[in-house]
Structure formats: structure tokens, C-alpha cells
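Here are my notes for your first read-through. Keep the viewer open and look up each residue as you go.

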Amino acid sequence: MLKSISYKIARWRMRQNSQRNFLIYCSVFVGFFAGLAAIALKFLVSVMEDISRNISSHLPYHIIYVFLPALGIFLTVAYQHLINRDRIQKGIGNILINIKKNRSNIKYNNIYSQLITSSLTVGFGGSSGLEAPIVSTGAAIGSNTGKFFNLSPYEKTVLIAAGASAGIAAVFNSPIAGVLFSLEILIGEITIPTLIPLLIASATGVVVSKLLYSGQLFHLVTEGWAMSALPFYILLGLFSGWISVYISKVAVMLEKGILKKQNRYIRALAGGLLLGLMIILFPPLFGEGYHYLQAVLNGNIDALKEETFFSSWLSNPLIMIVFIAALVFTKIIAAGITIGAGGNGGTFAPTMFTGAFLGLFVAFTVNLLGWVHLSTSNFIAVGMAGALSGVLHAPLTAIFLIAEITGGYVLFIPLMIVSSISYIISRLSSSHNIYWHELVHEKNIHPGQDYDMLNAITLDSIITKDYVAVKKEMLLTDFYKLLSTSNANRFAVLDNDDALDGIVWIDLVRQQLFDHISDNATVADIMAVPPSIIDYDQSVSSVMEIFDSVDVWHLPVIQNDRFVGFISKSTLLSRYREVLIKQKRESDLFAHL
């Protein structure tokens, strides 16, 4: 019934509107609901965190913090297992997989399951961020909107990015940063036709945020920067780059799972209790940590003494420096444990937290030494941008996010310096960001439109199955007779089970035509082993990489050890050109208006 309604709506809108106009209308719809979902999640988690802190304040030593994260992760795992049946696709990496491998189709249940699981995890103190679940929710809204209206994979990708943009924009009240996040992380390129739906969705998300959630995530009061602080901004950029490498390595390692041999529920409880013990020692690790971050931004560094066993010790500035440094290194460990134990969240907020306290560490230390007076709030803000730039490999997103949060561009030069240095150092360590690293190295999924367009071609469509097969035992005299009646320029040498023994290239045969051959010479004497063999299940992008690495224009294809045909490099290039033209036509938002 739903499919029938979808088909009728699709026919109606094709008669009433151009495809490109309709994509703009869809971006408004996606932006509205993605913004709504983002604000609902942030409000829900904020209420749950306030309740948790209220309960904690009535118990000695805030002992409830040991158990709350375990409860939240346990409930998250139970929901995923018993209700969701493990259909949830957590993390931004899975969005990228769906874009690259699944024609931009994301399962419908991700619209609500991301909200439920992340609120349980973070609301009860799980030390991770809500931005990744918000992006996943917005992406699912965009994908399923495109699916309902039978849009093309490219158009669904645009709506996925639109939903992600609206989510980020609604949370931070930063429409430009929301757009840049999608362009740098999800799409990987900036084009005018793609930019317009994202701008509309992002603006819609911010309007929803202003109407329904007037509060702002951060209230940064920054000052104009001084030239005397420039060397320390450069130092912060270096530290940010190094800490970004640390974050990426630790997060990837822990998020793959902890206590893997244990039952999922035991893993959730054990990981949650371990996290709870960390929170008892370092209370700012509770939840996203924005509560403490806002306090230090307001200049209230004494807020870090709250709820700790050793608050009196923190009156000593040297111990306070050690405590801040510990927060810099432990936040991502806590986030990794949260996700690795089965919770739902992301590394976006932990990265911002880490960068903020890194900036605080630099400013607090320099001010304590009395070398020069640094603005603590400035360094906290710029530190966030530096860490985001290095971890996400998205310097534009980092710069404009902090610029929009601070409500101006007085810190634009320090933001550019720190973000650029951090990005360069991080790129020297890894050519891909935290989301792409595993996809490239473990799943052979690559960023870039070239890979998208190549993988839009099915391997079967470019296999030449019209070939001539011979046996290696065939006498050369008989083979030359066959050659005189055939137009083929390569021959597959097969055994009795149709497995490939080798290939006879006509160019090599031509060199031996006038050589003396013995009466017993066979095809086995002139056949060659191909420089590479293509598996039928390989991606077309990997096939192109193989062609680029070997000096041939035809390669054999096998399926279940049986030869099925040849692939021609010229055929592949021709099909690539067809797909390129088609995608450029689809992406022209204003064509045929």
C-alpha cells in the first residue's frame, strides 16, 4: 500500500514540478524534521543529565556515578538486541558505507532508534557525544524521504547530507558549519548544485532551533586576540595536531569493542562500571561534558573542583594543571569505552571537549608562569577548532563552527592558524580522517566521486562473455588453423572444469608465427599467465586500480574458480564516461527548469 502511494505521489510531482524543484522542497521537509529530532534529543538528554546530577547531589561522594553509565549502556544494548534486533547502524562510518555501497539507502528504523539509544547512553552519563546520532538521524530522514519519492541515488545522497546539515546546524545554531560538515565529511566536494539544498535544510534546522529551543549549547565570551599570544597559538596548533592523532588511534582501537569474548550484557555492565569509576575520579567525564566546559568558558575554573574526592588538592595550581592534562587524555578513553561496551554516541563532542581543555591547559599554564597574559576563553574556543580540524580532517567546519558559536570573527586568524597546523600534522599521520580510515584500509571503500561513479557500474555489464577457449594440450598447428578463422585477439586457455590455465595473447603469437615449431608443440608453450585476475565480486573501482598498475588492456574474470569472460579497459572507460555524463546531468539543479 505504501509503495503504491509513493508511486502515485512520484507520478504527480513529476507532472507538477521539475525534478530539481522537488529536491529543494524535499530539503525543506528534511531540514525541518532533522532539526526537530536534533532539538528533541538534546532537550531529552539535558533533562536526564539534570536528574542524574540531582540524584547524585543527595548521595555521599556522588557514588551513583559508578552505576548510572552501566545502567544506560545496559538499557541501550537491551534495546538494540531485544527490540531493534541489531538493525541499528551506529556511527557516521555507516552513513558513508550506505552512500558508497547501498545506493544511499538507510534503514528506516535509524530515524527513531538513534534517538532512543543515544539518549539512554548519554543521559545516564555515557561519556560520548550526541552529534553522531543526530547526524545519523538526519541522514536517515533524508534517505527515507528520497526513497519514498523514488529519487535517484545522487538525490538521496544530497538529502542525506541535508539532514546531517540540519542536525548540526540546529544543535550549534551554526548553519554554515552544518553545511560545511556535510560537504567535507559526507560528500567530499563542494559544488553549487549540491550546496543549495544543504543551505536550505541547514537554515530550516536553525529556524526550528530558534523557535523551539531558544537556549544555546555554548555562550562563548571571547576577546580580540593580541599579537603577543601568536606564538602560543602556534604552540596550541602543534599540540592540537598531536592530540588529534592520539584521539584517532585510541578511539578506533576502543570503539571496535572491549571484552569481546564476553556476553554483550556482561560487556555492557563491565564497561559501564569501569566508566563509572573513571567518572568518580574525573566528574567532567560525565555525559558530553558540556556542563563543565561552559563553566570554564565563563571563567569559573573552580567548577572543576565540584564532585571530586580531592577538591581541596585542586586549590594548588600545579595539581590543577595535572588534573586538566588528565582530562585531555582521558576523555577519549572514556568515550571509547562507552561505545566499545555497546553504547551509542560519537567522538565529535569528546573531540571538542579534549580540544577545549587542551586550550585551557596552554592558557592556564602560561598565565601561571607569568610569561604573558592569555585569554582563557579564546584558547578554549580555538582549542576546540584545532582538535576538530585534526580529527575530522575538516578545517573549514572547525573554523566556521567556532566562529559562529562565538558570534563573530574576532578569532578568525587564530582559528585559521591552529586549525591549519593541526590538520597538517594529522594528515602527515594518516591521509584519511577518523571516519574514512577503517573504510579505506579494511573495507576498500574510498572517498571521492570517481569511486562513486566507478562503483555505479556493475561488473557484469562490462564483461565480454563472447570469447574463444582452447585447451593447453592443443597442438600449435591446430591452434594456428583456428587463429586463421577467428577475429579474437586473445584466447582463454581452460581445463576440463573451465578453470583458467592461462591466456594466449595474439601479439605474442604474431612474434612466433615464422619461428620453427616442433610437431609436438602445444598451446601450453605459448600461453602466458595473466598479470592479474579479476574476481567477479570485485568492485569496479578496484578493477580500474588494477588496470592502472598493469600494462594490459584485457584481463580475465573468474567466478567460483570458473572463467566467465574478459574485461576490456576501453569498455570500462567508455562506461565510466556514460556514468559521468549522467551524474553531471542529474547534479545540475537548474537544468530543464
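1. Is Ile55 buried, partly exposed or exposed? Keep in mind that this is a predicted model. First, find the residue: Ile55 sits in helix H2. Its relative accessibility is 42%. Buried means under 20%, and exposed means over 50%. Ile55 therefore counts as partly exposed, because 42% lies between those cut-offs.

2. Now look around that residue. Ile55 belongs to a nonpolar patch on the surface.

3. In soluble globular proteins, nonpolar side chains tend to be buried together.

4. Take Leu304 as a worked example. Leave aside its neighbours within four places in sequence. Leu304 is then in contact with Pro284, Tyr292, Val296, Leu314, Met320, Phe323, Ile324, Leu327, Phe357 and Leu360.

5. Ser104 lies in the loop between helix H4 (92-101) and helix H5 (110-123). Is Ser104 buried or exposed? Ser104 counts as buried, because its relative accessibility is 1% and the cut-off is under 20%.

6. What does the Ser104 side chain reach? A polar contact of 2.4 Å joins it to the side chain of Thr157. The Ser104 side chain also reaches the backbone oxygen of Pro153, at 3.4 Å. Beyond neighbours within four places in sequence, Ser104 is in contact with Asn98, Ile99, Ser143, Pro153, Lys156, Thr157 and Ile160.

7. Finally, step back to the whole chain. It has 23 helices and 7 strands. Of its 593 residues, 57% count as buried. The chain exposes about 25500 Å², and carbon and sulfur atoms supply 61% of that area. Consider contacts between residues at least 6 apart in sequence: 75% of them join residues at least 24 apart.

Key. Residues numbered from 1 in each chain as written. Predicted model: local features only at pLDDT ≥ 70, side-chain atom pairs only at ≥ 80, totals over all residues. Heavy atoms only, no water. Patch = residues over 30% accessible without salt bridge, like charges linked within 9 Å, V, L, I, M, F, W, Y side chains within 5 Å. Areas by Shrake-Rupley, 256 points an atom, 1.4 Å probe, with all protein chains shown as cover. Salt bridge = Lys/Arg side-chain N within 4 Å of Asp/Glu carboxyl O. Helix = DSSP H or I, 4+ residues; strand = E, 2+ residues; numbered from the N terminus. Buried < 20%, exposed > 50% of the residue type's maximum accessible area, 1.4 Å probe, protein only. Contact = heavy atoms within 4.5 Å. Polar contact = N/O pair within 3.5 Å; in protein donor to acceptor, adjacent residues only side chain to side chain.
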